[in-house]
Every structure is written in structure tokens, then in C-alpha cells.
Amino acid sequence: MSNAKPLFVGNWKMNGFRANLTEILNVEESIAKTPFHGDVVICPPATLAALAVDALKKSVIQIGGQDCHAEEAGAFTGDISAEKWKDLGAGYVIVGHSERRAYYQEDNKAVKAKSKAVLRAGLVPIICIGESLEERKAGKTLEIISAQIDGCIPDEAQSAPIAVGYEPVWAIGSGLTPTLEEISEAHKVIREALHKKIGDKADLTPIVYGGSLKPSNAKEILAILGVDGGLVGGASLKAVDFLEIIRACDQ
Ligand SMILES: O=C[C@H](O)COP(=O)(O)O
């Protein structure tokens, strides 16, 4: 942990049905009772987002988008702007997830534009970065993640809240994770790079870890200095596992 408020994000990706919302509702009370003073966000597929906002209206769980378009509105079939997420009642939007970078060719410039859009709408962007396996093997991890912070964080982030998701691409959905030392080192470098972009506000910005985070490894990963929570994919689809991960955070 750092001085930032802890944050746990369940990114359902293109998974989940209405039944999964019921599951989350069933454990919501337990999440509310968890002695943890952070934010919990679920990012369901867009088809479930409106239902999720209604179902979780009175809960401690907030809803987020998984992506957004950089423009406010227009002829962009299939896309959702940050303003639409705001209108729905979402509080956060994930931008720059490695799956968007890989399948939709989104580069740092595009991620920066989307981050700006989320801030323009008054929401919190969860800006994702992380190295590929090739980059890690080539010893370029720290260089890559610093460059991603430099390229993705807009100036507007100096005066509005953001969050950063550190997700080594090779750890996503693979069951593999970096060593605790490697995670610690990466978060330290990200915080330093953030300092250069947004000054002391970097100390209050949650930098969360993502990539095969699950109940069995959450305690040790969340105990690392500078890890302020989790960006959880697979394990967030099982409400009890997501709850267990949140409970592993001792703040
Ligand atoms: O957004 C979430 C991440 O991509 C992590 O996914 P995972 O927990 O299934 O590895």
C-alpha cells in the first residue's frame, strides 16, 4: 500500500450474464462489512452495465466502463463515449487495457486521448500499462512502463483523480505472476514516473496490480509497498473469489 486510497476493480471483459449480477449482490453485504476503506468497482460488459447500475444503486460497489471512445458523441457505431458512461452513472472507465492495445491497435497516444476524454466527463480513468513477455525477457520492463506513463497520462491528470493499472501482459489470464520483488520494483518505477507527470499527487494515486490475481496470491501481492489494490479479471467473475481478494487487503 501507499498513501493512496485502495481500489479493487473487477473487469469482467466479454464475460458474464445477468446471473453474475445476482451473485455480486449476494456478497455485496459482506463487501460492505469488510474493514476496508477503499473503492470497489465492477466493469461488466456494456449489455449489463445499466442493469448493474440499478442493481447496485444502494451498494458500496460502483460501476465502470471497460473502454470508451475519445470523442464525446458522433457517428461511431458500436462505441461508447465517456459522457455516455457518466450519463449511465458509472464512476470509472478502464483505458489502455492490453487487450485493447493488442486487438484494436491502441497505442499510448490513443490511450492518452481516451484518458483525457474520461477526465473531461468527470470520471476516473483506470489507465492500464504493462510489458509483454518479450519486453520482460529483453530486460526492458522498467523502460517500457515508464514510457507508457509518460505517453498515456494527460496534463489534465494534474488536477483530477486517476488510477493506474499495472498489468504485465504475460500474467493476464495465464496463472503466472511476476515475483514479489518484480512487482514491487515496477510499482516503484511507475510511482516515480507519475511524479514527473503529476507531482505529489502521484502519492495519492492508486496503482493497482493486475494479472492472475486470485485468493491464493492476493495477500502477499497486496502486502507489497506501493500496491494499492487489484485489477481482477477471471477471479472477479466469481463473486466469492473477488470478495476474498478484497478481504486480503488489510486497510
Ligand atoms: O483487467 C484485468 C486483467 O486483465 C487481469 O485478468 P486476470 O485476472 O484474468 O489475469
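How do the residues of the shell around the ligand divide into nonpolar, polar and charged? A few notes on that and the rest, bearing in mind that this is a predicted model.

1. The shell splits into eight polar residues, five nonpolar and one charged. There are 14 residues around the ligand, and those that come nearest are Asn11, Ile172, Gly210, Gly233 and Gly234.

2. UniProt, in an unreviewed entry, has "binding site" against Asn11, Trp12, Lys13, Gly173, Ser212, Gly233 and Gly234. These positions span 224 residues in sequence, but no two of their C-alpha atoms are more than 14.1 Å apart, so they gather at one spot.

3. Have a look at Gly233, which sits in the loop between strand 8 (229-232) and helix 10 (239-247). With 24 other C-beta atoms within 10 Å, Gly233 counts as buried, because the cut-off is 20 or more. Beyond its neighbours within four places in sequence, Gly233 is in contact with Asn11, Lys13, Ile172 and Gly173.

4. Trp12 is in a loop too, the one between strand 1 (7-11) and helix 1 (18-33). Trp12 is buried, with 22 other C-beta atoms within 10 Å. Setting aside residues up to four places away in sequence, Trp12 touches Cys43, Pro44, Pro45, Ser236 and Leu237.

5. Now the packing: the largest nonpolar core has 67 residues, and Val93 and Ile127 touch the most other members. Helix 8 (residues 180-198) gives the most to this core, six residues.

Definitions and conventions: Residues are numbered from 1 along each chain as its sequence is written. This is a predicted model: local features need pLDDT of at least 70, side-chain atom pairs count only at pLDDT 80 or more; totals for chains, interfaces and linings use all residues. A residue is near a molecule or strand if its C-beta atom, placed from the backbone, lies within 6 Å of it. Ala, Val, Leu, Ile, Met, Phe, Trp, Tyr, Cys and Pro count as nonpolar, Asp, Glu, Lys and Arg as charged, and the others, Gly among them, as polar. A nonpolar core is a set of buried Ala, Val, Leu, Ile, Met, Phe, Trp, Tyr and Cys residues joined through C-beta atoms within 7 Å. A residue is buried if 20 or more other C-beta atoms lie within 10 Å of its own, exposed if 12 or fewer, and partly exposed in between; C-beta atoms are placed from the backbone. Helices (H or I, at least four residues) and strands (E, at least two) are DSSP runs, numbered from the N terminus. UniProt positions are given in the numbering used here, feature names are shortened, and annotations may be inferred rather than shown by experiment. Two residues are in contact if their C-beta atoms, placed from the backbone, lie within 7 Å.
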